[in-house]
Amino acid sequence: MNSLFSVHKQTEFCPKCGSILRIRQSKRGLFLSCSSYPDCDYLKPLHHSQLQIIQELAENCPQCGANLQLKQGSYGMFIGCRAYPDCGYILRQTTEQAETFPCPLCRKGLLVLRRNRLGKTFYGCNQYPKCKMIIAEKPMLQTCPHCESKLARLKKITSDCQIFQCINPHCEQRFERPLSCQNNVMNFQQIIDVLFNDEVIAYPTEAVFGLGCNPYSETAIQKLLALKKRPKEKGLILIAPSLDYLMDFIDIDALLPEQLTCLAKPSSPAITWLVPAKAMVSPWILGKFTRIAIRLCSHPDVIKLCKATGLPLISTSANLSGQSPARTVEEVRQQFGKNFPVLNGQVGDAANPSQIQDLVTKQILRQG
């Protein structure tokens, strides 16, 4: 049950102070309140009509004994009692606080993770509208040698250095830092930096190494397709450790409860499911199709990447057109060059790439 709550993508933030909003309950029902209470008093009621029952669960409510339900509210999925509103029990989950950074513009506020209406994340000052500092990607702790500001964005990676740009609007100078790689394999933080810089990486999956990028960045997706020489019309797969990461892409209303059960946890052997897509999903991901391909992945490196970034990952096999998928770091280097960003790790025990199956029609499009 807890596997449904690796909540990163569905986190919502307080419009007043930027802190995380949490679902709570009172005698009058469910409501959203700011996690910074009492410093911030923002709240919003969640009316019963806003809740959709996704799945009946076998577990019982510890307060009244009724069955628990997986529910979809306006602000994401949660588990609550079937007897609501007579019983207001909610399964409490601890949500990691997103990392914050001191604002270099006003020097009073903090840069906090926010999300626009299209789902794209950015960092903005929590003193808005007094301070309008915004940065599209996660800032990095790098001291600018020109103004001594502590934050920068990664602009480029060469064979021997990383090129940063100061995010202080009054400076914005570029500077270099040596690239500290062992055997030309980047460490984990460097891979994360590359992802947030809208670049393509290679990482191990269940059977082969995959090429991946940020699914919210069309720039990154276009780079991936050009690198692999893959036609846009073929579409791409999204992978994540749990369903929560994929809720921005799946049309939940088009699925039956028994179909959602198939998506509750990773399957063994792995299955890539074709599911109805939301209207906002980029055609760079869908290709010529109306369904989106998703897979819940239990590979530890994939889990680590998704948790560190709060993102699902684009996934396609790491190989150039006409060549076999790479199964080792060395094979990735042979096809894409010795300095290509690759996460050092080992693929899983699967002998073949995942089966691809339509969740609605049950048609198998590729055997695993």
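Visitor: Is Tyr-123 buried or exposed?
Guide: This is a predicted model, in which local features need pLDDT of at least 70 and side-chain atom pairs count only at pLDDT 80 or more, whereas totals for chains, interfaces and linings use all residues. Residues are numbered from 1 along each chain as its sequence is written, and side-chain values use heavy atoms, with hydrogens and water left out. A residue is called buried under 20% relative accessible area, exposed over 50% and partly exposed in between, using a 1.4 Å probe and protein chains only. Since Tyr-123 has 6% relative accessibility, it counts as buried.

Visitor: How many aromatic pairs does a search of the whole structure find?
Guide: Rings of Phe, Tyr and Trp (its six-membered ring) pair if their centres lie within 6.5 Å, and planes under 30 degrees apart count as stacked, over 60 as edge-to-face and the rest as tilted. By that rule, the number of aromatic pairs found in the whole structure is four.

Visitor: What kind of pair do the rings of Phe-101 and Tyr-123 form?
Guide: A pair of aromatic rings is described by the distance of the centres and the angle of the planes. For Phe-101 and Tyr-123 the centres are 5.7 Å apart and the planes stand at 70 degrees, so the pair is edge-to-face.

Visitor: How many residues apart are Phe-101 and Tyr-123?
Guide: Strands (E, at least two residues) and helices (H or I, at least four) are DSSP runs numbered from the N terminus. Phe-101 is buried as well, with a relative accessible area of 2%. The pair links distant parts of the chain, with Phe-101 in strand S7 and Tyr-123 in strand S9 (residues 121-125), and the separation is 22 residues.

Visitor: In S8, which residue is the bridge partner of Phe-101?
Guide: S7 and S8 (residues 110-115) run antiparallel and are joined by two bridges. Pro-102 stands opposite Leu-110 in S8, while the bridge partner of Phe-101 in that strand is Leu-111.

Visitor: How many residues of S8 are buried?
Guide: S8 also pairs with S9 in the antiparallel sense, over five bridges, and Val-112 has Gly-124 in S9 as its bridge partner. S8 is largely enclosed by the rest of the structure, because the buried residues among its six number five.

Visitor: Where does Gln-162 lie?
Guide: At 6% relative accessibility, Gln-162 counts as buried. The element in which Gln-162 lies is strand S13.

Visitor: At what distance from the ring centre of Trp-284 does Lys-232 lie?
Guide: A charge sits over a ring if NZ of Lys or CZ of Arg is within 6 Å of the ring centre and within 35 degrees of the ring normal. Lys-304 lies over the face of Phe-188, at 4.3 Å from the ring centre. Lys-232 lies over the face of Trp-284, and its distance from the ring centre is 4.3 Å.

Visitor: Which strand gives the most to the lining of the largest pocket?
Guide: On a 1 Å grid over the protein atoms alone, a pocket is an open set of points where a 1.4 Å probe fits, with protein on both sides within 12 Å along at least five of seven lines, and lining residues have an atom within 4 Å of a point. The lining comprises 36 residues, with Ile-237, Arg-295, Ser-354, Ile-356 and Arg-366 nearest the centre. Elements that each supply at least two lining residues include helix H4 (283-286) and strand S18 (271-276). With four residues, the strand that gives the most is S19.

Visitor: In S19, which residue is the bridge partner of Ala-240?
Guide: From strand S17 (residues 237-240), Ile-237 and Ile-239 point one way and Leu-238 and Ala-240 the other way, and all are buried. S17 pairs with S20 in the antiparallel sense over three bridges, and with S19 in the parallel sense over four bridges. The bridge partner of Ala-240 in S19 is Leu-296.

Methods: Two strands pair if DSSP finds at least two bridges between them.
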